[in-house]
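Colleague: Let's go through this one together, and I'll just ask as I go.

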Amino acid sequence: MKITFADWGNYTIAFGSLFQKLGFEFIFPEKTNPRVIEEGAKLSPELFCFPLKVNIGNYLPAIKRGADTIVMWENIGGSCRMRYYWVIQEKVLREAGFKVKVLNFNSQNLLSKIREIQKSNQISSWQLLGAVRFFFKEINFIEKLEEKAQYFRPREKERGQADQVLNETLKKLTQTTNLKELSELKKESWQKFSEIKIDGNKEVLKVGIIGEIYTVVDGGVNFDLDKKLGTMGLNVHRKLNLTQHLKGGFPPWNEWLLQRKVNSYLKTTVGGHGRQAIEEMLDYSKKGFDGVIHLLPFGCMPEITVRPILQKISQEKELPFLSISLDEQTAEVGMQTRLEAFVDLMKSKQQLTANS
Amino acid sequence: MKTYLGVDVGSVSTKLALIDEKNNALESLYFRTEGDPINAIQKGLRRLKEKISKDIKIIGVGTTGSARYLAGVVVGADLVKNEISAHAKGVNFFVPEVRTVIEIGGQDSKIIILENRVVVDFAMNLICAAGTGSFLDAQAFRLGIPVEKFSQIALKSKQPTIVGSRCTVFAESDMIHKQQIGHSREDIVAGLCHGLARNFLANVAKGKKISSPIVFLGGVSENLGMRKAFENTLGEKVIVPKYNTVMGALGAALLAKENIQGKTKFRGWEVSDQDIKCTSFQCKGCPNLCEVIEAHIDGKVVSRWNDRCGKYSSLNPQ
């Protein structure tokens, strides 16, 4: 059995090390690029969500190199169509003539599946715990790295330094296999970041990114939004990430707290991260952000449901708001035009408030 | 005399405008791009040079429109601005009290909302080109009417028929259907205009606060049928100001004037006679596989762009 999995921004590195430590033979999926998107969209049903199409495109090169099993997480209990990803992906790939199987995990079968893996891959519980711990440490490190880059990009004196440190560190992270190496890498990269010369007095606009988690996190599908806005001189913030998502249900009252915060706008869950988008937008408004960008895959039901609410919040709180839906038809130039106009909008609004 | 040049190269039409140091519009040009933006820019410069007196000197250039980067490289721009900000700037100057801008060009349509002379919200058509100039062009051709006469015919109608306008394909088939069952040409043309106005308000302007005064710009604003259709659907007066088709170019010129530092990067009038070519290649340096574009002037590489990492664009002379 040779496995492969979906590419998801920089998290892919952590997925790789998790599967390696769990004793799987695996092939990395192809990093998301225009060709991946094109190939994936060709095979997939047209009206299915964009992430599914990208996933298919990610698997294809790995399958051609010998992967026969795909590991996919299944979101049970409400949420959204991601619940059916594993079934659809298996069907699509098989109909295209690839003999692959999807190994689906969900919160109900997780323990029994893990026991199976332990038996077949001969992994002790101790090793299992170590793998999971390392995985979470890596995830945490990746998120912090991205945050650092978001901070330094608009402020650095010499353009491109933050991205250089980020890319070097991520490259080294793929070679990192234990906690000791990881903490050394951490120290090293924080040191490198601190050496970047910044313009401390520069006024930097703050923009929050909200929306559907996959498109918010993955630079391959959102045309490197982080970097684009960063080089335009904006400090990007993303509250939503994998850690936040996993924390959502632990402790259990988090759910209740979230609902309470958005109660005056939405009284029920709409699946996906719909409520989170509202909560984040309200939070950004409270913290005095200069604008909010909403990302969603074209046709994403939960995000489309909350979009009018987000527009209403934008008008009520006078918080500039831009919603961008992404799919294989989205042209980068169109997005660039909107982003440039949005940045101009935020700048002129800020100047107006500064003058009055 | 010292002047500033604004160049707006869109999908269908190219606009050039010249302003003096007191922000007066001196000269403007509007003509079709004909699928060749480089040639269009060269042609525009040639024509502009013929129209103006010899003592006029250009001391700043701004470009906008969907080919703004290309135009910026070819002309040598001091400022490259997106078309939304450029239009907002232009209309703000010539119609200061404006609150809502409807702009419909060759292939895109946009709405800009302003408050206290500052843009607060905007939207552009995302997936549908129904209602833009190209579509009207195609339908005029189908009906055998020169697009310039479209307006007169639309205004003759007393009872516009309802033409479905959810998307261009449906609008077209619905229009043919209406023809086949015997509706008059005037009613169909007027119906089409109404359908397109409805489509714009339902798609592009959805969720936006539209308030008076409303200004209508872009090539399509020349069409009297469309003006009337917007007035009827909105129930408000729609203003079509002077310079309605070249507002983006004027805005770019105004912005260039505001932002210029030092000497202009304008390559001079001789650009119109030089050999300018663009080629592209795929960079295989990483899995992003960017398609990098190279601009050559007289065989020399002057600029490269469209790479994500900056491997090539960072080599451009600043």
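Colleague: Which residue stands opposite Ile112(B)?
Modeller: Ile112(B) stands opposite Phe122(B), which belongs to E8(B). The strand labels, like the helix ones, are DSSP runs numbered from the N terminus, where a helix is H or I with at least four residues and a strand is E with at least two.

Colleague: Before I go on, what kind of model is this?
Modeller: This is a predicted model, in which local features need pLDDT of at least 70 and side-chain atom pairs count only at pLDDT 80 or more, whereas totals for chains, interfaces and linings use all residues. Residues are numbered from 1 along each chain as its sequence is written, chains are lettered from A and ligands numbered from 1 in the order in which they are written, and side-chain values use heavy atoms, with hydrogens and water left out.

Colleague: Back to the strands, then: how many bridges join E7 of chain B to E8(B)?
Modeller: There are 6 bridges between E7(B), residues 109-115, and E8(B), and the two strands run antiparallel; pairing here requires that DSSP finds at least two bridges between two strands. The two strands form a hairpin with 2 residues between them, and Asn116(B), in the turn, has a positive phi of about 50 degrees.

Colleague: And why is E8 of chain B largely enclosed by the rest of the structure?
Modeller: Of the 7 residues of E8(B), which covers 118-124, 6 are buried, so the strand is largely enclosed by the rest of the structure. Buried means under 20% relative accessible area and exposed means over 50%, with partly exposed in between, using a 1.4 Å probe and protein chains only.

Colleague: Where else is there a positive phi in a residue that is not a glycine?
Modeller: Tyr243(B) has a positive phi of about 60 degrees, and its place is in the loop between E10 (238-239) and H9 of chain B. With 22% relative accessibility, Tyr243(B) counts as partly exposed. Asp298(B) also has a positive phi, of about 50 degrees, and lies in the loop between E12 (291-297) and E13 (300-305) of chain B.

Colleague: Which peptide bond is cis?
Modeller: The bond from Ser212(B) to Pro213(B) is cis, with omega near -10 degrees, and Pro213(B) is found in the loop between H7 (185-203) and E9 (214-217) of chain B. As background, most peptide bonds are trans, and most residues other than glycine have a negative phi.

Colleague: Changing topic, what is the order of strands in the open sheet of chain B?
Modeller: The open sheet has 5 strands in the order E3-E2-E1-E4-E5 (chain B), with mixed pairing. Its edge strands are E3 (25-32) and E5 (79-80), each of which pairs on one side only. E4(B), residues 57-64, pairs with E5(B) in the parallel sense over 2 bridges, and Thr63(B) stands opposite Val80(B) in E5(B).

Colleague: What comes between E5 and H3 of chain B?
Modeller: A loop, and Asn82(B) has its place there, with H3 covering 83-94. Asn82(B) is buried, with a relative accessible area of 1%.

Colleague: What does Asn82(B) touch?
Modeller: Not counting residues up to four places away in sequence, Asn82(B) touches Thr337(A), Glu340(A), Ala341(A) and Asp344(A) in chain A, and Thr64(B) and Arg68(B) in chain B; contact means heavy atoms within 4.5 Å. The C-alpha atoms of Asn82(B) and Leu255(B) are separated by 11 Å, although these residues are 173 apart along the chain.

Colleague: And Ser272(B), is it buried or exposed?
Modeller: Ser272(B) is buried, at 7% relative accessible area, and is found in the loop between H9 (247-259) and E11 (276-282) of chain B. With residues up to four places away in sequence not counted, Ser272(B) touches Gln42(B), Leu45(B) and Arg46(B).

Colleague: Last one: how many helices and strands does chain B have?
Modeller: Chain B has 9 helices and 13 strands. Its radius of gyration, 21 Å, is close to the 20 Å that the globule rule gives for 318 residues, so chain B is as compact as a globular protein of that length; the radius is taken over C-alpha atoms, and the rule is 2.2 Å times the number of residues to the power 0.38. The C-alpha trace of chain B spans about 60 × 50 × 40 Å along its principal axes, and 54% of the 318 residues count as buried.
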